[in-house]
Amino acid sequence: MTRPLNILLVRVSSLGDVLHNMPMVADIARHFPDANIDWVVEEGFVSLVRMNARVRNVIPFALRRWRKSLGKAETRAEIKAFFRTLRQQEYDYVFDTQGLLKTGIIMGAARVVKGGRKVGLANGSEGSGYEGISRIFHNLSIPTDPRTHAVARGRIVAGAALGYAVDTPADFGLPAVPDDTPRPEWMPESYAVYFHGTARDAKKWSIENWIALGRELAQMPILLPWGSPKEKAEAEQIAAGLPNARVLPKLSMADAIMVARRASLVIGVDTGLVHIAAAFVRPTVEIYADSPRWKTEGNWSPRIINLGDQGTPPSVAEVLTAARSLLG
């Protein structure tokens, strides 16, 4: 009897990129139901990957934290422990779908069986941070069109290596929220959430737009999460103009994901938590202002509406029309 395949995925960051890698797991499991699938990911995103029941082991990687204290003995001990854990299993396939030097090094350190394959990207997509040096760690490099959607890229790489066609809608493997899951005291039964914050100012929608939109959606509470002091200040400005809006406390990653997956309506800019809401197939309006829509738009459900594009953000009227159509 043929033993199950052991497969390792290396996709460490960022939040949206980790999420967009998840349909690889469902594809592999569909064609190889007995496969054991492990995943190396930045420690901050472990809770997201653990939601996918098809992933056997999640191996936390903490480079963001380690690089701040490389001189400390405890940090060096953690790094050694990471590589020791990584090398406990021999894999049939190791996939690096990020294409960076750091992910290549992880791939290089992973152990494969005799004849095992280390598979990565032969090229990056337009505007990506792909690092060509990562190819030295592959023994199989898969080319993709430079305009391949972020979700499709990893799926294509795995399909090419494992010999199957990618011909089904993206399945992120994320569970529904059980009806009896308790809510934090700040979470209403029904609400809209504005994911207004993002690291790059050019990707944002103006505070005036958020307020104008909220005044038209006055029939439901609006929750305003934030991830930095600057984003908190922006949330407070939005809330000052909307009596139905509430600035949330500082959230853990798990709580931020919960806000996305339980929302009655999600409206947000091109950022990880908006893509998580879309992956949970919540009613979602994605706003593109300064990033190419083709890269990450939610294209797997009619409950996701994508508006705007690089250099052409949508108007308040367009977002309001989309929101009302999703609310029915």
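**View 1. The crossing of helices α8 and α9.** In this predicted model, the crossing of α8 and α9 is right-handed. The contact between the two helices is formed by I207, W210 and I211 on the α8 side, and by E234, Q237 and I238 on the α9 side.

**View 2. The buried and exposed sides of helix α8.** Helix α8 spans residues 207-216, and W210, I211, L213 and G214 are buried within this helix. When α8 is seen down its axis, the buried residues fall within an arc of 165 degrees, so they line one face of the helix. E208 and R215, on the other side of α8, are exposed.

**View 3. The surroundings of the buried residues of α8.** The elements against which the buried residues of α8 pack include the strands β7 (192-195), β8 (222-224), β10 (265-269) and β11 (284-288). These buried residues also pack against two helices, α9 (229-240) and α13 (316-327).

**View 4. E297 in its loop.** E297 is found in the loop that lies between α12 (293-296) and β12 (304-308). Because buried means under 20% relative accessible area, E297, at 18% relative accessibility, counts as buried. If its neighbours within four places in sequence are left aside, E297 is in contact with H149, E286, Y288 and N306.

Key
Residues are numbered from 1 along each chain as its sequence is written. This is a predicted model: local features need pLDDT of at least 70, side-chain atom pairs count only at pLDDT 80 or more; totals for chains, interfaces and linings use all residues. Side-chain values use heavy atoms; hydrogens and water are left out. Buried means under 20% relative accessible area, exposed over 50%, partly exposed in between (1.4 Å probe, protein chains only). Helices (H or I, at least four residues) and strands (E, at least two) are DSSP runs, numbered from the N terminus. The arc is that of the directions from the helix axis to the C-beta atoms. Contact means heavy atoms within 4.5 Å. A crossing is left-handed if the near helix is turned anticlockwise from the far one by less than a right angle, and right-handed if clockwise.
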